[in-house]
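Subject: Structure handover

Hello,

Here is the structure I promised to pass on. Please open it beside this email and follow along.

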Amino acid sequence: ITTGLGYLLPAFPDAAWQVESAVADGDVTALRYRLTGTLQGAFGEFDPRGQALDLPGVLWLELSAGAIARSVDFWVSASFTTQMRNTH
């Protein structure tokens with residue numbers, strides 16, 4: 001998680017996650033979220049041109065002994081790519 005955020009946040013310093021719904025069952029939680037932000041730094045093949053990001057996703061968390069044991073993030077890469085290729 002730390003590595004991923006360390007890569008994402010310099011490019012999207014205004015990144016914001018809004019939880020739209022959540023379901024928990026014991027030590028497993030699934031969150032449906034929307035990530036928004038503006039590309040302000042280089043991110044892989046994408047150079048910043050003020051591209052707006054509005055990306056829905058699902059985060060799956062498994063806990064063990066009160067800590068995150070596993071985290072899996074699902075989102076549509078084609079949607080991300082389309083948005084980063086557009087300027088507005």
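Below is what was found, from the whole chain down to single residues.

First, a caution. This is a predicted model. Please keep that in mind throughout.

**The chain as a whole**

The chain has two helices and four strands. Along the sequence they come in the order α-β-β-β-β-α. The C-alpha trace spans about 45 × 25 × 20 Å along its principal axes. Of the 88 residues in the chain, 26% are buried. The accessible surface comes to about 5,700 Å², and carbon and sulfur atoms account for 57% of that area.

Contacts also tell us how the chain folds back on itself. Take the contacts between residues at least 6 apart in sequence: 49% of these join residues at least 24 apart.

**Salt bridges**

How many salt bridges does the structure hold? The count is five.

Start with Arg32 and Glu20. Their side chains meet in a salt bridge, at 2.8 Å from N to O. This pair links distant parts of the chain. Arg32 sits in strand E2 (residues 28-38), and Glu20 sits in strand E1 (residues 16-25). Twelve residues separate them. Arg32 has a relative accessible area of 42%, so it is partly exposed. Glu20 is partly exposed as well, because its value is 33%.

Next come Arg34 and Asp54. Their closest N and O atoms are 2.8 Å apart, and the two form a salt bridge. Again, distant parts of the chain are linked: Arg34 is in strand E2, Asp54 is in strand E3 (residues 52-64), and they are 20 residues apart. Arg34 is partly exposed at 29% relative accessible area. Asp54 is partly exposed at 38%.

Glu62 counts as partly exposed, with 24% relative accessibility. Arg70 counts as partly exposed too, with 44%.

Now find Gln83 in helix H2 (residues 77-85). Is Gln83 buried or exposed? Its relative accessibility is 16%, and buried means under 20%, so Gln83 counts as buried. What does Gln83 touch, leaving aside its neighbours within four places in sequence? Its contacts are Gln51, Ala52, Leu53, Asp54 and Leu55.

**A nonpolar patch**

Turn to the surface. Ile1, Leu5, Leu9, Trp17, Leu63 and Ile68 form a nonpolar patch there. Together they have about 530 Å² of accessible area. Leu9 lies in helix H1 (residues 2-11). Leu9 is partly exposed, at 35% relative accessible area.

**The largest pocket**

Last, look for the largest pocket. Its volume is about 570 Å³. The lining is made of 19 residues. Nearest the centre lie Leu5, Leu8, Trp17, Tyr33 and Asp73. Leu5 and Trp17 also belong to the nonpolar patch. Which elements each supply at least two residues of this lining? They are H1, E1, E2, E3 and strand E4 (67-75).

Best wishes

How values were computed: Residues numbered from 1 in each chain as written. Predicted model: local features only at pLDDT ≥ 70, side-chain atom pairs only at ≥ 80, totals over all residues. Heavy atoms only, no water. Buried < 20%, exposed > 50% of the residue type's maximum accessible area, 1.4 Å probe, protein only. Contact = heavy atoms within 4.5 Å. Patch = residues over 30% accessible without salt bridge, like charges linked within 9 Å, V, L, I, M, F, W, Y side chains within 5 Å. Areas by Shrake-Rupley, 256 points an atom, 1.4 Å probe, with all protein chains shown as cover. Salt bridge = Lys/Arg side-chain N within 4 Å of Asp/Glu carboxyl O. 1 Å grid on protein atoms, 1.4 Å probe; cavity = no way out; pocket = protein on both sides within 12 Å on 5 of 7 lines; lining within 4 Å. Points joined across faces, edges and corners; volume = space filled by probe spheres on them.
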